[in-house]
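Trainee: Could you walk me through the aromatic rings of a protein model? I'd like to learn how to read them.

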Amino acid sequence: MRAASDSNLPTDGLSIGQRLTLIVLAVAFPMLLLSTAIVWRLASQERDQSRHAILYSSRPIMSAVDAQLGKYIAAVQALAASQSLKAQDLAGFREEAEQALPGLPGAWVTLADVQGQQLVNTLVSTIEPLPLPSEGERTAIVRALETRQTQVSGVLVGEVAKFPMISVGLPIFIADKAVYFLTISVDVAAFRALLYSGGLPEGWIVEVIDRRGNIIARTRDHQRWVGRPASADWRTIRKEDGLFEALALEGQPVIYANAVSPLSGWTTVVAAEKSALEAPIREITVSAILVGLIVTTLSIVLAAMAARKITAPIKALERGAQALRHHEPVIFAATGVPEFDQALLAFDTASKALLDYEDQRRQTEMALRSSEARLRLFVEQAPASIAMFDRNMCYVAASHRFLAQYGIGEQDVVGRSLYEVLPEIPEQWKKRHWRGLSGEVLQGDDDAFVRAGGRTQWVSWEIRPWRARGGDIGGIVIFSEDVTCRHEVVEALKESEERLRLLINGTKDYAVFMLDPEGHIASWNDGARRIKGYEADEIIGRHFSVFYTPDDIAAGKPERELETALLTGAHEQEGEHVKKGGDRIWASTLVNPIYNESGTLKGFAKITRDITERKIAELALVNSETLLRAVVDGSTDAIIAVSATGVIQSINTNGVKMFGYERQEVVGRNINILVPERFRGQHDQHMQKYLQTGQANIIGIGREVEGLRKDGSVFPLGLMITETTYADAPLFVGFLRDLSSRREIEARIKKLQGERLTAMGGLAAGLSHELNQPLAAAVTYLETAQLLLEMPTDARPNPIETTLASAVDEIMRAGHIMKRLRELVASGEPDKTFLNLHDLVNDAPELSIPRKEKIQINLQLNAGNDSVLADRIQIKQVLANLIRNATEAMSPSRERKLSISTSSIDQDMIRIDIADTGSGFEPGVLERLFEPFQTTKSSGMGIGLSISRMIIEAHYGKIWAEANPDGGAIFSFTLPLVNTEISL
């Protein structure tokens, strides 16, 4: 080593001891700071590790809870597919559910209808009553029916279990109709054991919280907190993952870690007390600071002691440092001071390391330049269209294919701007380049690039950033491919498909659409929209079985059509189809399979034509013929068709019954077998005369004749003959009505008219008696008033006004009697029309009962047929009279109920019952209740019921009264039904 001259050294300044002390301080103080920072860093890492341990612990526990919950979800979905449930066999379903429960700890199965009423509950026996649904259960069912998805509830207390639980529910649809709501309920205790599966440190708290913020399970004080809300601090961050500081339920600060389940929406929370986590950190920090202070103090003391021994070696060290500063070789000799010798060795090592670094740097620069050259060569010779750019979008390298693709040629573009070489690049491409320079990876297909000459070039491209050695983005790499030819082919194909689509959509009378191989609708034309009623966005993607009836779907008809089309090459049929909204039509369908060039099935083409109008016409013709037969056979008249030669061609059912023959006994025989012998000659003469002259005696003219039954009896007939043509020959149709019953009724009417005249005579006699009493009293009062007028005023025993008022009252009484009688008989003789009796019954209470009367009315109109031939006013008068009598009879009663009911009697009469809860009848009243002037009321005349009896009997019915078993009276009457009247 070459030493420096002593004259070159400074002679003033700090001493070696001072310098050494400063060195020690300069080294020790940063070391103290460094050790403090290291300790603080270690403490922070310890704290972060503890926090991360909390965060990482929450996720495995959440996964364990999800895995357990997944078992219940899988079980409810498996039970939902139960054949017993689809068949609505609840007993069989309960057995299947009980067999599945052993593998599901703490669980039971509940099945309810869509209103929430439980039908099956494996927690209780089959004989125990099942509870009504709660409001929360009904809300959960409604939400599940709307979403059609599995619903996982929060924690709740069951109506039957009486302990905290959760439930997994699934709506059950049969034939696309909601029928049941299936639930697997689980005791929350089944989840508590999972909270200990992570092996967490003692004192940590683990909770599972539902979506509403209520605790499902907890490692600390589970029984106390289950079902209750989580802490208020936690609820503010309940929907976030990560670490948070908050107050626990017990009130102490804790570090929370949330893990939200994507399956159930529950949150798994792991918490540790903040003080427990930070205590080790404080201890380590304090210990490290103390150790650092002690080390620093000892270093200063040792430096002061060493300063006395190294004064001379330090000078040698300074000379060596000067030589090293000038890059001169330095050879150090041993100084005898170990510390100084180590320093000299450090200098020597550092100088060698510096020289090695310089050598490595030069070698690295050479390798980098070689690598860049190889990369540029690789890019230029690459078979793909690729170019590499720096951050200024200047070329770094470009492949020959890239240059040829864009017509750049083999010119040297390295270092030139892309926008200079291709100035026609659009602004949107430039924006993509800058996005790539910011770190994005972008790509695109079939982008139009309009070249400077106006030609459009179609390219697919991808932009990726490349990074320099330091990790910064150095530029972008552009991969591109000219797809102009492919684009032109695709556009030609689209144009061809568009022409085909226009042809199909232009077909309005046919539904033409495509199905995929599984039968899902892949296309839709306007004809299909018009026939089926669906818009394209409503139907594409759905299975074509939506057009079939439920019976056809259950029988597998849609699948068989596709199978038949595959086997035979086509399938054609006619059948009933379902439109949107449920309307049904008749349709003719043709299904053809579609294959590609390789013979692979691509789907099916289906053509549908609406033939509803044709089917309606065919059915109308069949129905018309059926209706004609039904009308003829259902007619109450005998209908007989006779040829021009008098041979019977047909006879209806009533004709067979009327004459007593079987149908085969008369068809084909002469009509004379139904005519009494004394008229047969006249009948043949009339027929021959009409055929020769066209002069009709009875054709088109109704008349009464006589008929001959099979048993030989003769009976009166009403006959009407019409002429028609059948098979180009005249045909005569006779309509015959048996007048035997009408003759009997006419005789009965004559008898009733005589009885009615007799009754009217009795009524007139009784009326004269009733009127005589008030008129005689009025005469007496008037005579008394006349005598009082002749007397002096002061001698009159009574005022004359009082006597005259009494006379007026008696006259008014007589007028009231006449008014009541006029109201009862005002309708006169019956004016019969066809009417529905139930309409009169429905209106009668409102018209007959005053509004102030608070009466409970019960209508039971059970008669299937209520059509009668009657006088509307008179029957309404009878109903009003009976209802008014019932109302007055119930005036003193506490219970006031009026029941009006109808029923059928022997299919030819209708019965009306009016029952009240009044005072009923006194003994001996029923026998004379309907006689004139018999009454049980203090103000009654006794003629209402007698006139009601006359009206009912004039309508060929009966009226009577009887005691009500429940208290009160029942008035009943009958009327003949209209079909009986017609048959008469």
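**Rings and their neighbours**

Mentor: Let's start with a charge and a ring: R148 lies over the face of F173, 4.1 Å from the ring centre. A charge sits over a ring if NZ of Lys or CZ of Arg is within 6 Å of the ring centre and within 35 degrees of the ring normal. Likewise, K615 has its charged end over the ring of W586, at 4.8 Å from the centre. This is a predicted model, where local features need pLDDT of at least 70 and side-chain atom pairs count only at pLDDT 80 or more, while totals for chains, interfaces and linings use all residues. Residues are numbered from 1 along each chain as its sequence is written, and side-chain values use heavy atoms, leaving out hydrogens and water.

Trainee: How many aromatic pairs does the structure hold?

Mentor: There are 15 aromatic pairs. Rings of Phe, Tyr and Trp (its six-membered ring) pair if their centres lie within 6.5 Å; planes under 30 degrees apart count as stacked, over 60 as edge-to-face and the rest as tilted. F389 and Y395 have ring centres 4.6 Å apart and planes at 50°, so this pair is tilted.

Trainee: Why is the pair of W524 and F547 stacked?

Mentor: Their planes are at 20°, with ring centres 5.8 Å apart, so the pair counts as stacked. W524 is buried at 12% relative accessible area, and F547 is buried at 0%.

Methods:
Buried means under 20% relative accessible area, exposed over 50%, partly exposed in between (1.4 Å probe, protein chains only).
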